[in-house]
Amino acid sequence: MNAPNDHPELAHKTADFAIDRWENEGGAHGHDSPDLHYGRRVEADRSWTVYHVFTGVPARIDGNTMIGLTHRVATDGMLSLNRRNEVDRRGG
């Protein structure tokens, strides 16, 4: 038998945090894919950064470091870099 949940607001906050983290890291994708090297994260100042998921280092596109971005620009940059990895790996 389960114990009563005396703090349902904590469970809700934990779920919200998990969803926020999932969205920041790019949402649903196959974690086993070798092409998904880039994620996005929200920073303390509420700007967004596209970063290399294995090193944590901010990504660069055309010489520009992908920091201080809007949510939309970070998402587009992350998707573009991951697509580029897929094309490069497949030799296209």
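**Strands, a hairpin and a core in a predicted model**

R40 lies in strand β1, in a model that is predicted.

Q: Why is R40 called buried?
A: The relative accessibility of R40 is 8%. Buried means under 20%, so R40 counts as buried.

Q: What makes the pair R40 and T75 a polar contact?
A: The side chains of R40 and T75 come to 2.3 Å. The cut-off for a pair of N or O atoms is 3.5 Å, and the pair is therefore listed as a polar contact.

Q: How do you know that β1 and β2 pair, and in which sense do they run?
A: Five bridges join β1 to β2. Pairing needs at least two bridges, so the two strands pair. They run antiparallel.

Q: Why is β2 called largely enclosed by the rest of the structure?
A: Five of the five residues of β2 are buried, so β2 is largely enclosed. W48, V50 and H52 point one way, whereas T49 and Y51 point the other way. In a regular strand the side chains alternate between the two faces of the sheet.

Q: What makes the phi of R46 worth a remark?
A: Most residues other than glycine have a negative phi. R46 is not a glycine, yet its phi is positive, at about 75 degrees. R46 sits in the hairpin of β1 and β2, which has five residues between the strands.

Q: Is R46 buried or exposed, and how do you know?
A: R46 has a relative accessible area of 66%. Exposed means over 50%, so R46 is exposed.

Q: Which value makes D62 a residue with positive phi, and where is D62?
A: The phi of D62 is near 50 degrees, and D62 is a residue other than glycine. D62 is placed in the loop between β3 (60–61) and β4 (64–65).

Q: What makes up the largest nonpolar core, and which elements give two or more residues to it?
A: The largest nonpolar core has ten residues, among them Y38, W48, V50, A59, I61 and L81. β2 and α2 (71–90) are the elements that give two or more residues to this core. α2 gives the most, with three residues.

Q: With which residues is L81 in contact, leaving aside its neighbours within four places in sequence?
A: L81 is in contact with Y38, V50, A59 and I61. Contact here means heavy atoms within 4.5 Å.

Terms used: Residues are numbered from 1 along each chain as its sequence is written. This is a predicted model: local features need pLDDT of at least 70, side-chain atom pairs count only at pLDDT 80 or more; totals for chains, interfaces and linings use all residues. Side-chain values use heavy atoms; hydrogens and water are left out. Buried means under 20% relative accessible area, exposed over 50%, partly exposed in between (1.4 Å probe, protein chains only). Helices (H or I, at least four residues) and strands (E, at least two) are DSSP runs, numbered from the N terminus. A polar contact is a pair of N or O atoms within 3.5 Å; within protein, one must be able to donate a hydrogen and the other to accept it, and residues adjacent in sequence count only if both atoms are side-chain atoms. A nonpolar core is a set of buried Ala, Val, Leu, Ile, Met, Phe, Trp, Tyr and Cys residues joined through side-chain atoms within 4.5 Å.
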